[in-house]
Amino acid sequence: MRTKTVIVLPYDVAWPSAFEKIKDEIEEAIGDLILGIEHVGSTSVEGMSAKPCIDMDVIIKDYSVFAAVVEGLKEIGYIHEGDFGIRDREAFKYTDKPYLMTHHLYVCPQYSKELHRHTTFRDFLRSNPEAVQKYSLIKEKAAELFPNDIDGYIAYKSPCIEELYTECGLK
């Protein structure tokens with residue numbers, strides 16, 4: 001069991017501007033190398049309860065620019081961690097950005113299946129308030145049941161995610 005405190009909060013209207021602040025810093029460093037930056041994950045969906053962490057996908061044309069992207073991100077404090085077994089989704093960590101909200105940064109080529117999954121699920125939730133309410137309640141309950149067990153939290157909410165993936169055509 002991986003122990004990690006699981007905190008799920010009601011939607012915060014500050015999350016979109018927190019995303020924009022991170023996005024601005026990244027665009028300033030590597031904007032000429034990328035196609036765009038997408039706010040994905042639960043903090044990108046109005047009304048969605050979420051762990052207070054911004055998920056973002058930086059979109060590149062293809063891997064021909066990846067080495068330059070890694071270098072550009074390194075200059076502003078990001079370290080490439082690899083794909084963690086998920087093809088075409090490269091993870092980056094940072095250590096000293098107290099002026100930015102906690103975030104997960106991924107770099108994906110435009111053809112990435114993971115990028116497609118992230119944006120399709122986000123867009124489905126943004127247009128389905130009932131799904132947002134249902135998923136929010138499941139996440140809140142999972143955090144309540146598994147406050148120190150991230151694996152238990154994930155396992156509890158997985159059936160709901162699978163059901164929503166079916167509804168939005170991802171399964």
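Buried means under 20% relative accessible area, exposed over 50% and partly exposed in between, with a 1.4 Å probe and protein chains only. The model is predicted: local features need pLDDT of at least 70, side-chain atom pairs count only at pLDDT 80 or more, and totals for chains, interfaces and linings use all residues. Residues are numbered from 1 along each chain as its sequence is written, and side-chain values use heavy atoms, with hydrogens and water left out.

**View A. The aromatic cluster of Tyr63, Phe66 and Phe92.** Rings of Phe, Tyr and Trp (its six-membered ring) pair if their centres lie within 6.5 Å; planes under 30 degrees apart count as stacked, over 60 as edge-to-face and the rest as tilted. The structure holds seven aromatic pairs. In one of them, Tyr63 and Phe66, the ring centres are 5.4 Å apart and the planes stand at 65 degrees, so the pair is edge-to-face. Tyr63 is partly exposed, at 29% relative accessible area, whereas Phe66 is buried, at 12%.

**View B. Helix α4 and its buried face.** Helices (H or I, at least four residues) and strands (E, at least two) are DSSP runs, numbered from the N terminus. The expected span of a helix is 1.5 Å times one less than its number of residues; for the 17 residues of α4 this gives 24 Å, and the end C-alpha atoms are 24 Å apart, in agreement. Ala131, Val132, Tyr135, Ser136, Lys139, Ala142 and Ala143 are buried in α4. Seen down the helix axis, the buried residues of α4 fall within an arc of 130 degrees, so they line one face; the arc is that of the directions from the axis to the C-beta atoms. Glu130, Gln133, Leu137 and Glu144 are exposed on the other side of α4. The cover over the buried residues of α4 includes α3 (113–126) and α5 (150–167). Lys139 lies over the face of Tyr135, at 4.9 Å from the ring centre; a charge counts as over a ring if NZ of Lys or CZ of Arg is within 6 Å of the ring centre and within 35 degrees of the ring normal.

**View C. Ser136 and its contacts.** Ser136 lies in α4 (residues 129–145) and is buried, with a relative accessible area of 5%. Its side chain reaches the backbone nitrogen of Ser49 at 2.9 Å. Contact means heavy atoms within 4.5 Å; not counting residues up to four places away in sequence, Ser136 touches Gly47, Met48 and Ser49.

**View D. The polar contacts of His118 with Asp57 and Arg117.** A polar contact is a pair of N or O atoms within 3.5 Å; within protein, one must be able to donate a hydrogen and the other to accept it, and residues adjacent in sequence count only if both atoms are side-chain atoms. His118 is found in α3 and is buried, at 13% relative accessibility. Its side chain meets that of Asp57 at 2.6 Å and that of Arg117 at 3.3 Å. Leaving aside neighbours within four places in sequence, His118 is in contact with Val40, Asp57 and Arg89.

**View E. Helix α1 and the residue Ala14 in the segment before it.** Among the buried residues of α1 are Trp15, Phe19, Ile22 and Ile26. Seen down the axis of α1, its buried residues fall within an arc of 160 degrees, so they line one face of the helix. They pack against β1 (36–40), β2 (54–60), α2 (66–75), β3 (78–82) and β5 (103–109). Ala14 is partly exposed, at 36% relative accessibility.
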